[in-house]
Amino acid sequence: MFRMFCDRILLCSPCPQLTTALRQAHTLSIAQGLLRSQAYVDGRWVSAPRSFPVLDPATGEELAKVADCGASEAGEAIRAAGSAFQTWKERSGKERGQLLRKWYDLMMQNKDDLAKLITAECGKPLKEAQGEILYAAAFLEWFSEESRRIYGDIIPSTARDRRIVVLKQPVGVASIITPWNFPSAMITRKVGAALAAGCTVVVKPAEDTPLSALALAEVASQAGIPQGVYNVVPCSRERAPAVGEVLCTDPRVRKISFTGSTATGKVLLKYAAGTVKRVSMELGGHAPFIVFDSADVDKAVAGAMGSKFRNSGQTCVCANRFLVQKGIHDIFVKKLSEAMERELHIGHGFEEKTTQGPLINERAVEKVEKQIAEAISHGARVVKGGKRLKGSFMEPTLLSNVTKDMLCAREETFGPLAPVIKFETEEEALTIANSAPVGLAGYFYSRDLAQIWRVAEQLEVGMVGANEGLLSAVEAPFGGVKESGLGREGSKYGIDEYLEIKYMCFGGL
């Protein structure tokens, strides 16, 4: 159950070593109806035999105990979704869109409380959490409109007595498996498209951040989303493999949408192969951020700050490798260091000045520490930061003299580490950038128009930011190439991931 005081969540302060202001506890007023600890199945709040703790990553303090669902609860959610699908798919696109619009409206009415939940369980600064809620709600708004635009086709036949018609129909029950770093937006980006298409869903949120998913279920219920259409089965890290296996192997599930690591995605793909399910995968990234000699340095630094340090570097599209051309290298490193000193402030996400919250857990901090230590041992120089703070906090770190063979240049970091590699030619930069087995996002800064076209076309990624450090938009297709995944989310293309094409031939006319 929640640690409640006068119908408020009590959030304990982080370690006193960080800042004097954080020695006081944070007491947040949140609408009690949004605080849920049970699973949401078939329109009902359902308990499980066990529970697991949800922790504040800034303090390690327990925020709540949440139902720890297992294979049986997952199976029941699939059954409910399968039953609801029979009627949900028959509703018109307009009807489904109206309900999604109500869900959007209620999210906007509750945006402040939903943002507080994100900061509490995810740790990101409150301003970023508020931005996530606006972004998350926008997907419901977008797909509420797209639900009316599921167009088929009429194809001219070579036979005079035949007519060829193409329909698009919903795939069926979809398993939605989401990560902790955007605990609301990753749900609505998938679920909005699925429900607009006529599918029903079972959501398994990340074990670190189930409160946001459950709050969205409460809002969906208030919006009138029918029972069984949207189901949530939270579970602990220990039970995740068993629940994931059910969600990916049950023959009643016809679609899987997953955002997470490439390694886990490969496991789920193997599960999906058994019953040949439709699959969308948004997997790991290792985004290059290239700064050419022709770039506007100040704009490149501003783009680097936004791309690298949003959510303390814990985004799949954040810049992971900085490739800076020789002629501009030193001034870029200097200005980036100065910007980090001036703009980055470590603290609890509820502190007004905080721009860098904690990493999600100590394992995440250890990964960053390992990459820094390995780079230093091979000759990298710490320009700024480099130290681990108490708990899950890590200093934003800037490294120079980095080579392409170092661990931080070969593996995704998911933390506030900016390694800078010096290069000489455009061809060298592209070779380094495209050497990764993944290809989600890539960024570069240049004022040479011909170079902009060349590099944008040659980067082996699904999304390119040319003189832009922030890519995400509901109108744009989100997804990667190579081992960064399959399919696209958001935009007009996102709904197609949940639709099947049916060809009908009418003869004897």
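Which strand is N401 found in? Select N401 and you'll land in strand 17, residues 397–402. Before moving on, a quick word on what you're looking at: this is a predicted model, where local features need pLDDT of at least 70, side-chain atom pairs count only at pLDDT 80 or more, and totals for chains, interfaces and linings use all residues. Residues are numbered from 1 along each chain as its sequence is written, and side-chain values use heavy atoms, with hydrogens and water left out.

**Stop 1: the whole thing**

Zoom out and colour by secondary structure. You have 14 helices and 24 strands to look at; helices (H or I, at least four residues) and strands (E, at least two) are DSSP runs, numbered from the N terminus. The radius of gyration is 23 Å, close to the 23 Å that the globule rule gives for 509 residues, so the protein is as compact as a globular protein of that length. That radius is taken over C-alpha atoms, and the rule is 2.2 Å times the number of residues to the power 0.38. Along the principal axes, the C-alpha atoms fill a box of roughly 75 × 65 × 40 Å.

Now try a surface view. Of the 509 residues, 57% count as buried. Buried means under 20% relative accessible area, exposed means over 50%, and partly exposed is in between, using a 1.4 Å probe and protein chains only.

**Stop 2**

Next, select N311, in the loop between helix 9 (297–309) and strand 15. Here too phi is positive, near 55°, in a residue other than glycine. Is N311 buried or exposed? N311 counts as buried because its relative accessibility is 2%.

**Stop 3: N320**

Follow the chain into strand 15 (residues 319–325), where you'll find N320. With 1% relative accessibility, N320 counts as buried. Show its side chain: it makes a polar contact with the side chain of H286 (2.7 Å). A polar contact is a pair of N or O atoms within 3.5 Å; within protein, one must be able to donate a hydrogen and the other to accept it, and residues adjacent in sequence count only if both atoms are side-chain atoms. The N320 side chain also reaches the backbone nitrogen of T413 at 3.0 Å. Leaving aside neighbours within four places in sequence, residues in contact with N320 (heavy atoms within 4.5 Å) include A287, K308, C408, F414 and P419.

**Stop 4: G349**

Jump to the loop between helix 10 (329–343) and helix 11 (362–377), where G349 lies. G349 is buried, with a relative accessible area of 2%. Which residues does G349 touch, not counting those up to four places away in sequence? They are T119, G123, K124, P125, L126 and T354.

**Last stop: S144**

Finish in helix 4 (residues 126–146), where S144 lies. S144 counts as buried at 8% relative accessibility. Not counting residues up to four places away in sequence, S144 touches G97, L100 and R101.
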